[in-house]
Amino acid sequence: MKDSILNLIVDEKHSLQELLQKMDQGAKGILLVVDKHGQLQRTITDGDIRRLILSDMPLNAKNIQFGNKKPVTAKLDTSSVELLTLMKETGVNQIPIIDELGRPVKLISISDLNDRILLSTPHMGDLELDYVNEAFQTNWIAPLGPNVDAFENELVEKVKGGYGAALSSGTAAIHMGLVLLDVKPGDIVFCSSLTFIASANPIMYQGAVPVFIDSDLESWNMSPEALKRAFEDAVTTNRLPKAVVVVNLYGQSADMDPIKDICDMYNVPIIEDAAESLGATYKGRSSGSIGHLGVYSFNGNKIITTSGGGMLISDDAELIKKARHLATQARDPAPWYQHTEVGFNYRMSNVLAGIGRGQLKVLDSRVEQRRAIFDYYEASSLSTLIDWMPEADFGCSNRWLTVGLINQNVEHDVQTVIDNLSEKGIEARRVWKPLHLQPIFADCKYFAHSEDLSCSDLLFDKGICLPSGTQLNKFQLDRVISELEQACS
Ligand SMILES: *Cc1c(COP(=O)(O)O)cnc(C)c1O
């Protein structure tokens, strides 16, 4: 699970037994033998070891002579195409990458170069399994338990977010938020238009009526101008919203201060949908901690994951207490099963909360890695074809996905580019189709950024999301870059 190749490195002093163990732990079917300067001498494969054992070499044998057949190596600046050619020519499937002093720094496998590259995949750290094992050993498999409490405490401590209720998904957290804010059938709820459907589905669960608000081009998030006009309209029709769902798209916070000022003026609470922006900041504060209620998601594609899960946070201790109560079937404190209101089965399980605790420990490094991936794309030749999603100066994005708009140098429309890439084994995706354009919301009101500009339409029309998972290495990113260049022309 470790990214490092340190556990593949051995020297000639290792016994056969130790080499066997190393081979097993490294799980790559290959070991790298270095001399006392750390320079790569040769590689040992599974097959080499097998032959030694078959030749009756004792397991405690040391100073084993493997001969000095020079290994096939490459330098860090070797391109993925060159590496593939080298693999084909030499018939090896794994090539150590060495630095200028001949020391191994990476191991590249043919699968790194050939396998399908996905948009965003789960990336576990070193501690998740320990927490899960603890849950097994103590038989805390039932939902709730010490990992759930600890995950809630550790997360709100991390984001300075007051109190947290760990739930089964981000969608459930938004739904709980609406229930807590007393959103009922026929009520109006404002919601960002440029977002995943999960931001708005819970509004429908409550039988409420969504009104969609456009983005601006500075943050790609809710336009304060559009929001202002929506409120002015709501006043004239005497139908103020019960809540405003503000989304922080692709890891970047919305411009919360002006949005909050407008909502405060009308005394309407904000549910901050930070499903994509955990680890990002707005004016030094954690994204998700600014609205009346904040929502995180730990779905498999998010920056950290519990395979599925969510969290509702708030500074209001009573609200979160109520959320935990409602999310566990709203059972009254009576000796028998007694209920005075409708509840939900929305709690996170103790096993999954264990994964979350481990993932939280690597959140900072995941943000760093996602931002480094963005920087790598931005520094590449792709910048002549793509205008990147801007990072507003009010905060720090987690760059969950690297996203941009194809520009006039691209000869195809964005769907053709994505289809071309897919044929080369690379997954890219469209930017979310705005909710005001969805058939299911055809009858809903929509407020564009201005009379003659709907920003979300434009962002959907030109937007492309690139592979951004933190397990991607430089060679895979290079492959995306060169294939995308070709896919554009
Ligand atoms: C992923 C996501 C959600 C939903 O979270 P789940 O945990 O998948 O239910 C909500 N809003 C946005 C913006 C998302 O990206």
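The model is predicted, so local features need pLDDT of at least 70 and side-chain atom pairs count only at pLDDT 80 or more, while totals for chains, interfaces and linings use all residues. Residues are numbered from 1 along each chain as its sequence is written, and side-chain values use heavy atoms, with hydrogens and water left out.

**Aromatic pairs**

Rings of Phe, Tyr and Trp (its six-membered ring) pair if their centres lie within 6.5 Å; planes under 30 degrees apart are stacked, over 60 edge-to-face, and the rest tilted. The count by this rule is 11 aromatic pairs.

Select F190 and F231. Their ring centres are 5.0 Å apart and the planes stand at 65°, so the pair is edge-to-face. F190 belongs to strand β8 (residues 188-192) and F231 to helix α9 (residues 224-236), 41 residues apart. Helices (H or I, at least four residues) and strands (E, at least two) are DSSP runs, numbered from the N terminus. Both F190 and F231 are buried, where buried means under 20% relative accessible area, exposed over 50% and partly exposed in between (1.4 Å probe, protein chains only).

Next, select F212 and F441. With centres 4.9 Å apart and planes at 55°, this pair is tilted. F212 sits in strand β9 (residues 209-213) and F441 in the loop between β19 (429-430) and β20 (446-447), 229 residues apart. F212 is buried at 0% relative accessibility, and F441 is buried with a relative accessible area of 0%.

Then select F196, Y250, W400 and W432, which form one aromatic cluster.

**Charges over rings**

A charge sits over a ring if NZ of Lys or CZ of Arg is within 6 Å of the ring centre and within 35 degrees of the ring normal. Select R399 with F374: R399 lies over the ring face, 3.5 Å from the ring centre. Select R430 with F460: here R430 lies over the face at 4.5 Å from the ring centre.

**An exposed glycine**

Select G284, in the loop between β12 (281-282) and β13 (285-286). G284 is exposed, with a relative accessible area of 68%.

**A helix packing**

Finally, select α5 (residues 128-137) and α12 (residues 350-361). Their axes (lines fitted to C-alpha atoms over the stretch in contact, with angles from 0 to 180 degrees between N-to-C directions) come within 7 Å and cross at roughly 155°. The two helices are therefore roughly antiparallel, the class for angles over 145, with under 35 roughly parallel, 65 to 115 roughly perpendicular and the rest oblique. Contacts (heavy atoms within 4.5 Å) involve residues including Y131 and F136 in α5, and I355 and R357 in α12.
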